[in-house]
Amino acid sequence: PSMWSSSIRIMDPLNKDLNKLIELEQNEAAFSIAICKFSSRPQPEQLFLLVGVAKDLCINPRSSTTGFIYTYQICDNGERLEFMHKTPVEDVPGSICSFQGRCLIGVGRYLRIYDLGKKKLLRKCENKQMINFVSQIQTIGPRILVCDSQESIFFMRYKHDENQIIIFADDTMPRYVTCFAVLDYSTVCITDKFGNLVVMRLPPGTVDDVNIDPTGDKGLWDRGLLNGASQKTDLLCSFYLGETITSLQKTTLIPGGNDAIVYTTLS
């Protein structure tokens, strides 16, 4: 009880061969994985695998002694991983996503931008406005879409000049998101653990480049709706499935056919 064991495997799907097996340390649970390309290493063949693990994790109530982000360099066309370094973090790294030559990592309720260093990943920027836990991150162009485990989705933008991640739009409903898929630049499909599937879109005229108030001197009438962002998403449709959806993908099932949303459920 309360013990974890995780490993990283490189599989050949055609021959069903196991090319590489890396056993993580005792009581480390792997929760996120992503392939990233860093602009500080501009060679096109240099890809890096990032794995987020939690140490001594307890699910309910959620607690852990520490977390780590393992960084591996992918070698020999993906057949071998070369260990580079291990970056300690203070909470569970629940999601990782590549972004503009760096990487976005959700560490507990913090959203951070990391860059590659010689001895560890270097933190470049941080957003502390999430409430509970950053569960999923996706990007489309310059926009960052972040899901909180209990507070639905947030639309964010990274400002290079100020080195800040700002929220320019969010949802009016608190949703216990299990997964989401980006349908287009302004539309997302979200599912929650109660069996609902909803499609939301940013209204026309939504402005990405919003100004924030670092001093806190804004009047209450100038603050965002419901103490959140000033811009809200519109609910296009809602569908009750009655089962918890575990994965969601926008795809085309036949060549040249219409787009479809394909989902898998718990049972």
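**Reading the strands and residues of a predicted model**

Me: Why is E151 called partly exposed?
Reply: In this predicted model, E151 has a relative accessibility of 28%. Buried would require under 20%, and exposed would require over 50%. The value of 28% lies in between, so E151 counts as partly exposed.

Me: Where is E151 placed, and what does E151 contact?
Reply: E151 is in the loop between β12 and β13. Leaving aside neighbours within four places in sequence, its contacts are I131, N132, P174 and R175. These are called contacts because heavy atoms come within 4.5 Å. By comparison, C75 is 76 residues away along the chain, and its C-alpha atom is separated from that of E151 by 39 Å.

Me: What makes R143 buried or exposed?
Reply: The relative accessibility of R143 is 5%. Buried means under 20%, so R143 counts as buried. R143 belongs to strand β12, which covers residues 143–148.

Me: Which residues does R143 touch?
Reply: Not counting residues up to four places away in sequence, R143 touches Q138, M156, F168, Y185, S186, L202 and D208.

Me: How do you know that R143 and Y185 make a polar contact?
Reply: A polar atom of the R143 side chain lies 2.9 Å from the backbone oxygen of Y185.

Me: Why are β12 and β13 said to pair?
Reply: Pairing needs at least two bridges, and β12 and β13 have 5, so they count as paired. The sense is antiparallel. Within this pair, I144 stands opposite M156 of β13. The hairpin of β12 and β13 has 4 residues between the strands, and S152 takes a positive phi near 65° there.

Me: What makes β13 a mostly covered strand?
Reply: Of the 7 residues of β13, 6 are buried.

Me: Why are β15 and β18 called edge strands?
Reply: The strands β15-β16-β17-β18 form, in that order, an open sheet with antiparallel pairing. β15 (177–182) and β18 (234–240) each have a single partner strand, so one side of each is left without a neighbour in the sheet. From one strand to the next, the twist averages 20°. β18 is joined to β17 (residues 196–201) by 6 bridges, and L197 has F239 of β18 as its bridge partner.

Me: What makes β8 and β9 a pair?
Reply: β8 (residues 102–107) and β9 (residues 110–116) have 5 bridges in the antiparallel sense. At least two are required, so the two strands pair. One example is C103, whose bridge partner in β9 is Y114.

Conventions: Residues are numbered from 1 along each chain as its sequence is written. This is a predicted model: local features need pLDDT of at least 70, side-chain atom pairs count only at pLDDT 80 or more; totals for chains, interfaces and linings use all residues. Side-chain values use heavy atoms; hydrogens and water are left out. Buried means under 20% relative accessible area, exposed over 50%, partly exposed in between (1.4 Å probe, protein chains only). A polar contact is a pair of N or O atoms within 3.5 Å; within protein, one must be able to donate a hydrogen and the other to accept it, and residues adjacent in sequence count only if both atoms are side-chain atoms. Axes are lines fitted to C-alpha atoms, for helices over the stretch in contact, and angles run from 0 to 180 degrees between N-to-C directions.
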